[in-house]
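Work through the exercises below with the sequence and the structure at hand. Try each task before reading its solution.

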Amino acid sequence: IATHNASAASSYNYRVPTSGNGNAIFLGAVGKTPYYDYGGSLVWSRDVAPWLTDVKAGVDARNIVGGDSTAVFNQAGTQTALSQVHGQQWFQGVFVQGTFHAPFVPLDITIGLREDFWRVSDGVFNGRALPAGSQYTRFDPRVGLKYHLTQDIDLRAAFYRNFGAPGMNQTFRTFYSGNNAFQANSALAPEYNTGYEAGADWRIGTVTLGVTAFHNDLTSVIDSATICGAGGLPSCSVSSQAIGNTSQFTRQSKYFNVGSATVEGFEVLADWRATETLKFNSSFTFSRSVLTDNAGIAAIIGRTVANTAEPLNNQLANVPSWTALAGFTWTPDPQSSLSMNVKGFPAYWADTAHTVRNDGAAVIDISASYRMQPGVEFFVTGQNIGNRTYVASGSTGASTPPGLAQPIFFLVGVRLGI
């Protein structure tokens, strides 16, 4: 990682990193992040009767193993910190689902039942075993209804429960940037969600329109909160959550299960099949995602600090208020396809305290595939093919160097089917 010595410059613009004025580039960090992901599933499926179709039952399992080793250097080339971490997560699930077609009304009822299991294990940071990781078991059902109002109009609704496990970065990867430290938390619990939605689909010739309103209530929401060294917060030398309670890192953040949140909004979809081989698609999603309770973090760092670090009714970190997408898919023959999508979003907050604001952007992604023979498919995907430069982490108000989003990137491969 190359770092600009921005603090030594009287004026600094990360978009135009000129030389001179103390604004030299130096090697700030060197790291390795090995990552392994294993998994599989076994599924039984069949239509049992005309009134009971798409019946499935199965099990699945997944194991993620990862590590990170990062050495941090100052401008003189002296190593100032070393972070070495390792850990793994386990996922298992058992599920059954099916769709019931009511005999006397045009109504389809889909019921899915799932039991989820998740745990964190083997966390090690700089040779020291981390506190025992979390374990989770929960029954997660889903019920969906679709009423065929007319031949061209469907009404639908759904109720569901699910969970979102914390990522490997959140549970294990503690890292440093200058005088700033970002702490992982191996004791994180998953986020739990209960939600419902309602919507309609309308087919007008070759055009399909859809609208959905959704509401989700989340508990054990995971967020990174600044715990010391910022305005209104204690010094890191006295914070009980600080790394070593030393002055080496003057600003520190840590992941917590901060409390509860509400995520609600709507989505509008429009598809147009222009020809047998060409289809256009578009969507717009608006989301109001706010923290409604911060009792989880207040119990750890105190109510006063919690209200500064995780204020209520602010848009959650890293959730844009809206996203828009438009694109097309072209399938000139059964063997080949080409797709392109343009995605746009506004500037959004990188923290729930609303001190760091990241850039909005519009980016173009493409994908293409060609099936050379049964079971052998060549594919290529491209991200940000316009090579748009924008900040994805740490922009306005950030105390650490901003991180740019993924530049132009291509992936080429072959899929083999048995």
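A salt bridge is a side-chain nitrogen of Lys or Arg within 4 Å of a carboxyl oxygen of Asp or Glu. By this rule the structure has ten salt bridges. The model is predicted: local features need pLDDT of at least 70, side-chain atom pairs count only at pLDDT 80 or more, and totals for chains, interfaces and linings use all residues. Residues are numbered from 1 along each chain as its sequence is written, and side-chain values use heavy atoms, with hydrogens and water left out.

**Exercise 1.** Find which parts of the chain the salt bridge between Arg 203 and Asp 154 ties together.

Step 1. The side chains of Arg 203 and Asp 154 meet at 3.1 Å, N to O.
Step 2. Arg 203 belongs to strand E14 (residues 191–204) and Asp 154 to strand E11 (residues 153–164), so the bridge ties together parts 49 residues apart in sequence. Strands (E, at least two residues) are DSSP runs, numbered from the N terminus.
Step 3. Asp 154 is buried, at 5% relative accessibility, while Arg 203 is partly exposed, at 28%. Buried means under 20% relative accessible area, exposed over 50%, and partly exposed in between (1.4 Å probe, protein chains only).

**Exercise 2.** Describe the salt bridge between Glu 377 and Arg 415.

Step 1. The closest N and O atoms of Glu 377 and Arg 415 are 3.0 Å apart.
Step 2. Glu 377 lies in strand E23 (residues 376–383) and Arg 415 in strand E26 (residues 409–416), so parts 38 residues apart in sequence are tied together.
Step 3. Glu 377 is partly exposed, with a relative accessible area of 22%; Arg 415 is also partly exposed, at 42%.

**Exercise 3.** Is Val 143 buried or partly exposed, and in which strand is it found?

Step 1. Val 143 is found in strand E10, which spans 142–148.
Step 2. Val 143 counts as partly exposed, at 32% relative accessibility.

Methods. Helix = DSSP H or I, 4+ residues; strand = E, 2+ residues; numbered from the N terminus.
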